[in-house]
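Here are my notes on this model, point by point. Please read them with the structure open.

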Amino acid sequence: MSTLTSLPDNQSFPCEDGQSILEAAQAHGIPFASACGGNARCSTCRIWILEGAEFCPAKNEKEAALTERIALTGPIRLACQVRPTSDVVFRRLVLDALDLRITSQLNRRMSKTGELKPVTIFFSDVAGFTSFSESLPPYDVMYILNRYFAQVGHIIEANDGYLDKFVGDGLMAVFGIEGQEDAPLRAVHAGLQTLAAVDRLQPFFASMYGIDFDVRIGLHYGDAVVGSVGAIGHERVTVIGDAVNVASRIEAANKEAGTRMLISEPLYEIVEDSVDIADFVRIRLRGTSERITLYEVDHVNAEVIARLDNREAREMRQREGLVWHRALTADELAEGEHQIVEVATMDVVVARTGGEVVAFNNACPHLRLPFFDRGGSPGATDMVGVSRFENGSVVCRWHVSSFDLQTGEVLGWGRALAPDGTSPGMEYLGDLSKNQAPLEVLPVSIEDGQVWVALPEK
């Protein structure tokens, strides 16, 4: 027989051999919660073992399954499943009706309990948001934000990140909630991909709304409490702690440093072998007295990106003043099909049309807007239709300009423009009919069944 001591009740009582802590407590009038009746279907009988953990057998299958599902760790156990072999001191963690409602997992989605763990915090903010939000109609402001958030959200989730919250034009994400070892590197990769996505959005927003759209990103690695927070029935997993505040301040430091993305020294020390740094700054974060070192990441190494994306690194060759990039295998393209391939900082359309494989910059020379949207990305096809291939040319969806796919020559310019040369809905851009520019056609080579695309050497 063992002696159990319950806090905060400060009561001791006997426990028969083979009896669970919950059974013994209930037999002696200790007000224990047990919403599921002691069947390990909820965690309302959770206790914190203060003394005697060595006398508590390892978790059985039922307890292990539930506690893993809701992230109960360390000395926190389910009283209904623990059958001690000697004296134990524990603290009840569900004390009243409100606690019972908060902690009951019956008939609702499981949530995480508080747990301190190392994570990487990602903060982003739209630069100059106040200025353009005051100059545009509210509907357009919401459209701009949603178009941006849709793309960055996809990037974060593709890198195993967790979208924590959106606050106005700001976004917070967390990497490593599930303890992924490569989470810090994936967070940096996601940050750089976000900047690349913004670069692709900039011509669109500049043409549509006359704004210079950009973002600032801050990343920090540190310990934070991960858990579910919120009113009952509206809980969300989030992280709290000083690491969150530091990441937010690093994002804000970009404005003073004149940078777009900065990472903290603790994060840099983890990823330094996998990234190249453009610069570093010594800066005093808001609300602190000491200067710290922040790093501006230029890129993640190609081999590392390939591993993160679970694909082969894009092979490159240098020849005759051109840098050739292996884009895809020739049999991936059927007649009339196209794919968008990211080559360096350019989105390239690779297409098979008229029996030939061609490649060109996925930016219309007319307004620098994309001919084709990336798969899964929000597009504007509901407003303007789709670009198409037609008799050896590509016809742009925006103003129905057409270009020769071999030479880039303009075959027809702005056929959807108004008689005065303006674009309906974008009249403020003036007469566009005379701003003719050729399509940027890229050299293509097919060797051993592989399609190679060349970019001019910078």
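**Notes on the predicted model**

1. Start with the pair R397 and D373. Their side chains form a salt bridge, with N and O 3.2 Å apart. The model is a predicted one. R397 sits in the loop between strand 20 (393-395) and strand 21 (402-404). D373 sits in the loop between strand 18 (356-361) and helix 10 (381-384), so the contact ties together parts that are 24 residues apart in sequence. R397 is buried, at 5% relative accessible area. D373 is partly exposed, at 23%. The pair also belongs to a network: R147, D373 and R397 are joined by salt bridges that share partners.

2. Helix 5 covers residues 138-158. After helix 5 comes D160, with a positive phi near 65 degrees.

3. Helix 7 (residues 242-257) passes the same kind of check. Its 16 residues should span 22 Å at 1.5 Å a residue. The end C-alpha atoms are 22 Å apart, in agreement. Its buried residues are A243, V244, V246, A247, I250, E251, A253 and N254. G258 follows helix 7 and has a positive phi, near 70 degrees.

4. Which residue does the side chain of E251 meet in a salt bridge? The partner is R216, at 4.0 Å from N to O. This links distant parts of the chain: E251 is in helix 7 and R216 in strand 9 (residues 215-229), 35 residues apart. Both ends of the bridge lie under the 20% cut-off for buried. E251 has 8% relative accessibility. R216 has 16%.

5. The whole structure holds 13 salt bridges. One of them deserves a look: R83 with E23, at 3.4 Å from N to O. R83 lies in the loop between strand 4 (76-78) and strand 5 (88-92), and E23 lies in helix 1 (residues 21-27). The pair therefore ties together parts that are 60 residues apart in sequence. R83 is partly exposed, at 36% relative accessibility. E23 is partly exposed too, at 39%.

6. Look next at the surface charge. E265, E269, E272 and D273 gather there in a patch of negative charge. D273 is in the loop between helix 8 (265-271) and strand 12 (275-284). D273 is exposed, with a relative accessible area of 72%.

7. Now the backbone. Most residues other than glycine have a negative phi, and most peptide bonds are trans. Please inspect the following sites. L7 and P8 are joined by a cis peptide bond, with omega about 5 degrees. P8 is in the loop between strand 1 (2-7) and strand 2 (11-15).

8. N391 is not a glycine, yet its phi is positive, about 50 degrees. N391 is in the loop between strand 19 (388-390) and strand 20. N391 is exposed, with 80% relative accessible area. V400 also has a positive phi, near 60 degrees. V400 is in the loop between strand 20 and strand 21. V400 counts as partly exposed, at 24% relative accessibility.

9. Last, a pair separated along the chain. A206 and L367 are 161 residues apart in sequence, and their C-alpha atoms are separated by 9.1 Å. A206 is in helix 6 (residues 183-209). A206 is partly exposed, with a relative accessible area of 34%.

Conventions. Residues are numbered from 1 along each chain as its sequence is written. Side-chain values use heavy atoms; hydrogens and water are left out. Helices (H or I, at least four residues) and strands (E, at least two) are DSSP runs, numbered from the N terminus. The expected span of a helix is 1.5 Å times one less than its number of residues. Buried means under 20% relative accessible area, exposed over 50%, partly exposed in between (1.4 Å probe, protein chains only). Patches are made of residues with over 30% relative accessible area and no salt bridge: like charges are joined within 9 Å, nonpolar side chains (Val, Leu, Ile, Met, Phe, Trp, Tyr) within 5 Å. Accessible areas come from the Shrake-Rupley method with a 1.4 Å probe; for residues, only the protein chains shown count as cover. Lys and Arg count as positive and Asp and Glu as negative; His and the chain ends are not counted. The place of a charge is taken as NZ of Lys, CZ of Arg, CG of Asp or CD of Glu.
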